[in-house]
Amino acid sequence: ESQLRTILVDWLASDPVLSTALNDVTEGAPSRASLPWLGIAASASTDWSTKTARGREVRIALELQTRGEEAAETAALVAQIEERIETLPRSLSGLSLASTTFLRARAEQRPRNTRAVLLEYRFRLLEA
């Protein structure tokens, strides 16, 4: 679970579009970054082993924090994040990614013209 979290943060941060659009991509809420930023809000894992390989099913919730009156700007950023997640390589450092599945999203308008979007994904991994 921890290894996938690190890989996912690095993968998202290395995207040329996201790296210019976001002030930070981190494993949690950044302590000093101004909006917009993306962080892992939570994760959980369960066994997903086979007879021949150890495996995990990992659920990760990402939180995007933005500022602005127009929801379309946030929606465009969410679409870029989703596209990047879905292109995560199948072969990772010591892991094989069997599947990536979008589970749910939640968006809310917050005080002082801020927005929050929570994206939850399921990753199924096997040891390489």
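View 1. At 26% relative accessibility, Glu108 counts as partly exposed, a class that lies between buried (under 20% relative accessible area) and exposed (over 50%), computed with a 1.4 Å probe on protein chains only. The model is predicted, so local features need pLDDT of at least 70 and side-chain atom pairs count only at pLDDT 80 or more, while totals for chains, interfaces and linings use all residues. Residues are numbered from 1 along each chain as its sequence is written, and side-chain values use heavy atoms, with hydrogens and water left out. Glu108 forms a salt bridge with Arg106 (2.7 Å, N to O) and another with Arg110 (2.5 Å, N to O). A salt bridge here is a side-chain nitrogen of Lys or Arg within 4 Å of a carboxyl oxygen of Asp or Glu. By this rule the count comes to nine salt bridges. Arg106 is exposed, with a relative accessible area of 53%.

**View 2. The salt bridge of Glu63 and Arg110.** The closest N and O atoms of Glu63 and Arg110 are 3.6 Å apart. This pair links distant parts of the chain, since Glu63 lies in strand E3 and Arg110 in strand E5, 47 residues apart. Helices (H or I, at least four residues) and strands (E, at least two) are DSSP runs, numbered from the N terminus. Glu63 is buried at a relative accessible area of 19%, whereas Arg110 is partly exposed at 30%. Glu63, Arg106, Glu108 and Arg110 are linked in a network of salt bridges.

View 3. Strand E4 (residues 91-92) pairs with strand E5 (residues 95-110) in the antiparallel sense over two bridges; two strands pair if DSSP finds at least two bridges between them. Leu92 stands opposite Leu95 in E5. The hairpin of E4 and E5 has two residues between the strands, and Gly94 takes a positive phi near 80 degrees. E5 also runs antiparallel to strand E6 (residues 114-127), joined by 14 bridges. Arg104 stands opposite Glu120 in E6. Three residues lie between E5 and E6 in their hairpin, where Arg112 in the turn has a positive phi of about 60 degrees.

**View 4. The buried side of helix H3.** Helix H3 (residues 71-86) has 16 residues and should span 22 Å at 1.5 Å a residue; its end C-alpha atoms are 23 Å apart, which agrees. The expected span is 1.5 Å times one less than the number of residues. In H3, Thr74, Leu77, Val78, Gln80, Ile81, Arg84 and Ile85 are buried. They cover an arc of only 160 degrees around the axis, which puts them on the same side of H3; the arc is that of the directions from the helix axis to the C-beta atoms. An α-helix has 3.6 residues a turn, so residues three or four places apart point the same way. Gln80 touches Asp15, Val17 and Leu18, not counting residues up to four places away in sequence, where contact means heavy atoms within 4.5 Å.

**View 5. The largest nonpolar core.** Which residues touch the most other members of this core? Of its 27 residues, these are Leu12, Ile81 and Phe123. H1, E2, E3, H3, E5 and E6 each supply at least two residues of the core. Such a core is a set of buried Ala, Val, Leu, Ile, Met, Phe, Trp, Tyr and Cys residues joined through side-chain atoms within 4.5 Å.
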